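Take a moment with the sequence and the model shown here. Then read on for a short report.

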Amino acid sequence: MIKKSITVTDTQNEWMQSQLKSGEYASDSELLRDLIRKEQRRNEDINVIREALIMGEQSGYSTKSAEQILQEFKEKRHRNV
């Protein structure tokens, strides 16, 4: 592991201390590692959505109605359950 030194504002420190007092985290390091993991997952989710949007834009326009698209989505979701 690599040791890091960080500086936080008083408000950030108060929030961190409240998280520690709640018992959810045992140390500042544990709290910060969890926040980093959550941000990494959030960024991964954003990238998946971004890629899907790009694919959708590149696929062109659909001649289907909104109702048809919704029905197909529901049927596909039902099959995958």
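The model is predicted: local features need pLDDT of at least 70, side-chain atom pairs count only at pLDDT 80 or more, and totals for chains, interfaces and linings use all residues. Residues are numbered from 1 along each chain as its sequence is written, and side-chain values use heavy atoms, without hydrogens and water.

The protein has three helices and zero strands. Its pattern along the sequence is α-α-α. Helices here are DSSP runs (H or I, at least four residues), and strands are E runs of at least two.

What radius of gyration does the protein have? The value is 22 Å, while a compact globule of 81 residues would be near 12 Å. This radius is taken over C-alpha atoms, and the globule rule is 2.2 Å times the number of residues to the power 0.38. The C-alpha trace spans about 55 × 25 × 25 Å along its principal axes.

Of the 81 residues, 7% count as buried (under 20% relative accessible area, with a 1.4 Å probe and protein chains only).

| Side chains | Number |
|---|---|
| Positive (Lys and Arg) | 14 side chains |
| Negative (Asp and Glu) | 14 side chains |

The centres of the two sets lie 4 Å apart. Each charge is placed at NZ of Lys, CZ of Arg, CG of Asp or CD of Glu. His and the chain ends are not counted.

Note on methods:
Buried means under 20% relative accessible area, exposed over 50%, partly exposed in between (1.4 Å probe, protein chains only).
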